[in-house]
Amino acid sequence: MRTNDFYNIIEIVKQDILHSEKEYLKLLKVIGNNQRYDFLSQLSIYDKNPSATACASFDVWRERFNRTVMRGQRGIPVINSTGTFQKIGYIFDISQTISMDKNVNEVELWSFDIGKDEKALKDMIESQGYSASEIMNENIYSLSRIYADKSIYELANNLRIEDEDKNSFVHFM
């Protein structure tokens with residue numbers, strides 16, 4: 001795939017998401033499951049495999065998780081940028097991989113555990129210069145706002161939202 005083709009597909013995906021609340025909610029789930037990737041990569045993951053829960057490159061699956069991509073699986077295209085040069089790379093969801101060790105087939109995916117992770121959540125909020133609450137939902141909301149506020153304008157630019165609509169978009173988010 002050429003980078004031009006990638007960007008054309010992403011533009012179509014953006015329009016679908018912006019015109020459907022249902023599709024937007026699906027995108028949020030993909031973003032939640034694959035938060036380590038940039039927004040354009042998350043749009044590509046959403047487009048190619050909306051049920052993806054953990055994506056990584058072929059080499060990462062092999063070297064860090066002792067897994068390999070199953071024969072015939074198609075990768076999810078993402079943009080790899082190095083300075084001004086961009087090229088298409090491919091990532092694969094965990095569902096597209098198998099263990100190279102016959103005895104071990106599971107990769108433990110992280111999930112939030114209130115008992116174990118509540119202190120970490122509070123520490124993250126306080127490290128950003130804010131006060132944590134005793135109410136879990138407030139802390140989750142606060143932390144999401146802290147990180148969202150940092151990248152909301154970048155998101156609006158990536159979605160190519162017109163300047164006159166940016167304030168409404170930011171307020172909506």
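Okay, let's start with a question: in which helix does V13 lie? The answer is helix α1, and I'll come back to that residue in a minute. Before that, please keep in mind that this is a predicted model.

So, the overall picture. The protein chain has seven helices and five strands. If you read along the sequence, the order goes α-α-α-β-α-β-β-β-β-α-α-α. There are 173 residues in the chain, and 32% of them count as buried. The C-alpha atoms fill a box of roughly 45 × 45 × 35 Å along the principal axes. And if you take the contacts with a separation of 6 or more, 46% of them come from residues 24 or more positions apart.

Now back to V13. Buried or exposed, what would you say? V13 counts as buried, because its relative accessibility is 4% and the cut-off for buried is under 20%. And what does V13 touch, once we leave out residues up to four places away in sequence? Those partners are L43, Y46 and D47. Take D47: V13 and D47 are 34 residues apart along the chain, and yet their C-alpha atoms are separated by 6.8 Å.

That brings us to the packing of helix α1, residues 3-18, on α3. The two pack at an angle of about 75°, with their axes 10 Å apart. At that angle, α1 is roughly perpendicular to α3. On the α1 side, the residues involved are F6, Y7, I9, I10, V13, K14 and I17, and they meet L40, L43, S44, Y46 and D47 in α3. Sorted by class, this contact has nine nonpolar residues, one polar and two charged.

Helix α3 has another neighbour to talk about, and that's α2. Here we have α2, residues 21-33, and α3, residues 39-48, with axes that come within 9 Å and cross at roughly 115°. So α2 is also roughly perpendicular to α3. The crossing of α2 past α3 is right-handed. Who meets whom? From α2 we have E23, K26, L27, V30 and I31, and from α3 we have F39, Q42, L43, I45 and Y46. By class, that contact comes to seven nonpolar, one polar and two charged residues.

If you compare the two lists, L43 and Y46 of α3 turn up in the contact with α1 and also in the contact with α2.

Let me stop at Q42, which lies in helix α3. Is Q42 buried or exposed? Q42 counts as buried, since its relative accessibility is 5%. Leaving out residues up to four places away in sequence, Q42 touches L27, V30, I31, N34, Q35 and Y37. Of those, L27, V30 and I31 are on the α2 side of the contact with α3.

Right, on to the charges. How many salt bridges does the structure hold? It holds six, and I'll go through some of them.

One of them is D5 with R2, where the closest N and O atoms are 3.8 Å apart. D5 is partly exposed, with a relative accessible area of 30%, while R2 is exposed at 55%.

Another is D123 with K119, and there the closest N and O atoms are 3.2 Å apart. Both residues lie in helix α5, residues 114-127, and they are four residues apart, which is about one turn of the helix. D123 counts as partly exposed at 37% relative accessibility, and K119 counts as exposed at 57%.

Then there's K122 with E134, with closest N and O atoms 3.2 Å apart. K122 lies in helix α5, but E134 sits in the loop between α5 and α6, so this pair ties together parts that are twelve residues apart in sequence. As for accessibility, K122 counts as buried at 17%, whereas E134 counts as exposed at 66%.

Notes. Residues are numbered from 1 along each chain as its sequence is written. This is a predicted model: local features need pLDDT of at least 70, side-chain atom pairs count only at pLDDT 80 or more; totals for chains, interfaces and linings use all residues. Side-chain values use heavy atoms; hydrogens and water are left out. A salt bridge is a side-chain nitrogen of Lys or Arg within 4 Å of a carboxyl oxygen of Asp or Glu. Buried means under 20% relative accessible area, exposed over 50%, partly exposed in between (1.4 Å probe, protein chains only). Axes are lines fitted to C-alpha atoms, for helices over the stretch in contact, and angles run from 0 to 180 degrees between N-to-C directions. Angles under 35 degrees count as roughly parallel, over 145 as roughly antiparallel, 65 to 115 as roughly perpendicular and the rest as oblique. A crossing is left-handed if the near helix is turned anticlockwise from the far one by less than a right angle, and right-handed if clockwise. Contact means heavy atoms within 4.5 Å. Ala, Val, Leu, Ile, Met, Phe, Trp, Tyr, Cys and Pro count as nonpolar, Asp, Glu, Lys and Arg as charged, and the others, Gly among them, as polar.
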